[in-house]
Amino acid sequence: MAGIVELLLGLFDVLEAEARSLKMGFLRVAGALLLLVVAVLLVLGGLLLLLWAAYLWLSSLLSAPLSALLVGLLSLLLAGGLWWQARRMMR
């Protein structure tokens, strides 16, 4: 009977240690994902500012609709190139 009790106590100790390890791993992954979301938002903000600056620069040289068209085409070409590269990497 004492052997079974010791076995159960050992099992509970291992389960407790594994749960603590799982909790720390989860917190680490959650923190990394949060930082990744912030980084993605900052990159998107930077890209939007670059496109806006390109529009403002082109609008001083060309008409506003033509500037918007060129900046839109530039952003679509950039997005298509990135999409193509991502697809190629997934093969």
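In the predicted model, L51, A54, Y55, L58 and S59 of α1 meet A64, S67, A68, L70, V71, L74 and S75 of α2, contact being heavy atoms within 4.5 Å. By class, this contact of α1 with α2 comprises 9 nonpolar, 3 polar and no charged residues (Ala, Val, Leu, Ile, Met, Phe, Trp, Tyr, Cys and Pro count as nonpolar, Asp, Glu, Lys and Arg as charged, and the others, Gly among them, as polar). Residues are numbered from 1 along each chain as its sequence is written. In this predicted model, local features need pLDDT of at least 70 and side-chain atom pairs pLDDT 80 or more, whereas totals for chains, interfaces and linings use all residues; side-chain values use heavy atoms, without hydrogens and water.

The chain has 2 helices and 0 strands (DSSP runs numbered from the N terminus, helices being H or I of at least four residues and strands E of at least two). Its radius of gyration, taken over C-alpha atoms, is 27 Å, well over the 12 Å that the globule rule (2.2 Å times the number of residues to the power 0.38) gives for 91 residues, so the chain is more spread out than a compact globule.

The largest pocket is lined by L44, L47, L48, L51, L74, S75, L78, A79 and L82 (on a 1 Å grid over the protein atoms alone, a pocket is an open set of points where a 1.4 Å probe fits, with protein on both sides within 12 Å along at least five of seven lines; lining residues have an atom within 4 Å of a point). The lining has 8 nonpolar, 1 polar and no charged residues, and its largest share, 5 residues, comes from α2.
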